[in-house]
Amino acid sequence: MIRRALLALLIALSGAVAVAREAPPAAEDPALEARLHALSTELRCLVCQNETLAESRAPLANDLRREIRDMMRAGKSDREITQFLVSRYGDFVLYRPPVKSTTVALWVGPFVLLGLGVAGWFVVLRRRARRIAVQPLTAEDRGLAQALLGSDTARKTP
Amino acid sequence: MNRFVIPLLVFVVLVGFLFVGLRLHPREVPSPLIDKPAPAFQLSQLQAPEKSFGLADMKGKVWLLNVWASWCVSCRDEHPFLMELAKEGTVPIVGLNYKDQQQDAVQWLARFGNPYQQSVVDADGRTGINFGVYGVPETFLIDRDGVIRYKQIGPLTREAWQQTLLPLVKKLSA
């Protein structure tokens with residue numbers, strides 16, 4: 001009896017724990033959180049530079065998410081919010097920096113490298129094709145081939 | 001012959017890139033605020049919370065804004081130099097006490113010495129964000145018109161002061 005009561009209590013408590021864990025997101029505005037998440041995956045955390053603002057647990061990332069949340073509540077557009085961050089931290093916060101004179105190498109560089117690679121590949125292929133050009137058979141080779149293949153092939157050839 | 005020359009050239013270029021890469025400081029993100037007016041602030045004073053202090057109070061002076069916190073380890077490294085600088089008195093130093101506990105900050109200053117003409121409290125880090133602070137300590141050199149002229153990321157050292165900041169200070173004070 002006691003055991004059953006304890007079990008019931010345990011189940012009830014585990015239920016309470018589960019509810020407690022899921023409560024916080026529901027209390028906030030889910031649409032705003034979704035928008036915050038979408039925007040902050042495009043932004044770089046300055047403390048741990050290879051993490052997005054959405055993933056980072058750095059205190060600054062927390063503060064910046066709070067700022068973004070406040071600005072969203074105040075009705076600012078995503079563009080205005082990114083502008084706010086860029087004016088303070090520079091283009092570095094953007095995972096997709098704008099095309100500028102300073103970022104041209106970043107945007108065009110990979111394609112230039114790809115072009116160079118393809119050009120090199122063509123050169124190699126061409127050289128190889130030249131090296132394995134078709135060589136006509138000499139009479140001696142032909143005779144040898146016929147001997148190997150047997151008399152019926154020899155009869156058919158004119 | 002060609003078989004060796006091309007891979008060797010590629011290798012040399014690669015080593016060149018890596019060598020340059022070793023000398024870069026990716027942690028030091030150039031601030032877009034250089035040569036822009038410093039963001040205005042009006043914050044309560046650390047030592048006298050009932051009084052406030054703001055950017056406008058430093059108008060007409062060439063000064064340093066040093067972002068610090070008692071929890072910041074590098075600030076401890078930087079601190080002796082700031083004390084020397086304060087003693088020399090070339091420029092006034094204003095402290096921005098960033099995301100700190102008031103009591104801890106006051107104790108920290110009492111224990112190690114106070115190089116600041118004034119420290120203001122940025123408890124929630126909002127002023128820090130306006131200044132583009134991402135790692136403490138950071139130091140801003142601000143001119144007479146309240147324009148940011150230089151930003152030192154990480155501890156301010158004697159070397160950085162002599163080589164970069166002092167010539168700038170002299171130029172701005174002239």
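So, what do the buried residues of H3(A) pack against? They pack against helix H2 (30-40) and helix H4 (78-89) of chain A, together with helix H4 (126-130) of chain B. Here, being in contact means that two C-beta atoms, placed from the backbone, lie within 7 Å. Helices (H or I, at least four residues) and strands (E, at least two) are DSSP runs, numbered from the N terminus.

Quick note: this is a predicted model, where local features need pLDDT of at least 70, side-chain atom pairs count only at pLDDT 80 or more, and totals for chains, interfaces and linings use all residues. Residues are numbered from 1 along each chain as its sequence is written, with chains lettered from A and ligands numbered from 1 in the order in which they are written.

Okay, back to the helix. The buried residues of H3(A) are Leu60(A), Ala61(A), Leu64(A), Arg65(A), Ile68(A) and Met72(A). They sit on the same side of H3(A), because they cover an arc of only 135° around the axis, taking directions from the helix axis to the C-beta atoms. Over on the other side, Pro59(A), Asp70(A) and Arg73(A) are exposed. Buried means 20 or more other C-beta atoms within 10 Å of a residue's own, exposed means 12 or fewer, and partly exposed is in between, with C-beta atoms placed from the backbone. Just after H3(A), Gly75(A) has a positive phi of about 85°.

Now over to chain B. Gln42(B) lies in strand S1 (residues 42-44). Is Gln42(B) buried or exposed? Exposed, because Gln42(B) has 12 other C-beta atoms within 10 Å. Skipping neighbours within four places in sequence, Gln42(B) is in contact with Ser52(B) and Gly54(B).
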